[in-house]
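Try each task before reading its solution.

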Amino acid sequence: MLERIRIVLIGTSHPGNIGATARAMHNMGLADLALVAPRCEVITADSVSRASGADALVHDARVVDSLEQAVTDCTLVVGASARSRTLPWPMITPRELGERLPAELATPEARIALVFGREDSGLSNAELQRCHAHVHIPTNPDFSSLNLAAAVQVLAYECRLAWLAQAQTQNKPGPAQDDEEEAQPLASHEELEHYFAHLERALITIGFHDPAKPRQLMARLRRVTLRSRPERMELNILRGILSATEKAAGGQALGARESEPELQREHDTHQGQKPAQD
């Protein structure tokens, strides 16, 4: 379970914080570190020293240009946030995050990203809107500032507690699982972003959405979709509906070009027809 949890740092400005983060991760059994547009050199004497023996994580860290690149294969993206936003988003505590992990990682394809922002300004609103949920560490309100690595340590600790609890449960005899419904893979971040782009195009085509006067429409649709945690199959159905809507409205059905064979198979399956061949 711990191998499928990724720590993502955005715009880190101090190499020592990267090393200290690697140490916090290694303490708790995490090993997947991604750095988004770091504002400092990653591998320095300070980052290696602060890693205190976990410098392999610093050397192996993946450096990318955007949050989308860092979480493209993730099925749950959680942003660490200490500030309230004008558009409320699902907010959880570190303990609630840990309690969700076994269910979130029930399928082999599942991946979780825990996203941390810049030391001086945290995550932007746009970055937070690309997260399924926000996690808030309930610090002393009179002194709420947390070092980046300390924040990572708190969440990594809760992840390890969840892993230990799951291991204990698995070692206990219990009822057979054969009759339980097989878990279906959730839509990845990349698949969700394709869906949101397709949804916006379809809404513009039918005249429901005016990009010149957005009025937070897409942000609210993001919130309701991310809160519902759609499975990959469910998202394919929704995209099939969007393509049919565009076609009926005389649009070009632009989003269908990205995965038309897959969407057609999904449509045929629900119509009781033999799936179309690519």
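This is a predicted model: local features need pLDDT of at least 70, side-chain atom pairs count only at pLDDT 80 or more; totals for chains, interfaces and linings use all residues.

Residues are numbered from 1 along each chain as its sequence is written, and side-chain values use heavy atoms, leaving out hydrogens and water.

**Exercise 1. Find which residues touch the most other members of the largest nonpolar core.**

Step 1. Take buried (under 20% relative accessible area, 1.4 Å probe, protein chains only) Ala, Val, Leu, Ile, Met, Phe, Trp, Tyr and Cys residues joined through side-chain atoms within 4.5 Å.
Step 2. The largest core has 39 residues, and Ile5, Ile7, Leu9, Leu33, Leu101, Leu114 and Phe116 touch the most other members.
Step 3. α7 gives the most to this core, with seven residues.
Step 4. Apart from it lies another core of 15 residues, including Val8 and Val77.

**Exercise 2. Describe helix α9.**

Step 1. Helices are DSSP runs (H or I, at least four residues), numbered from the N terminus.
Step 2. α9 covers residues 217-228 and reaches 17 Å from its first C-alpha to its last, close to the 16 Å expected at 1.5 Å a residue.
Step 3. Its buried residues include Leu217, Met218 and Arg222.
Step 4. α8 (189-205) is among what covers them.
Step 5. Arginine 229 follows α9, with a positive phi near 55 degrees.

**Exercise 3. State how the lining of the largest pocket divides.**

Step 1. The lining divides into 10 nonpolar, 10 polar and five charged residues.

How values were computed
Helices (H or I, at least four residues) and strands (E, at least two) are DSSP runs, numbered from the N terminus. The expected span of a helix is 1.5 Å times one less than its number of residues. Buried means under 20% relative accessible area, exposed over 50%, partly exposed in between (1.4 Å probe, protein chains only). Contact means heavy atoms within 4.5 Å. Ala, Val, Leu, Ile, Met, Phe, Trp, Tyr, Cys and Pro count as nonpolar, Asp, Glu, Lys and Arg as charged, and the others, Gly among them, as polar.
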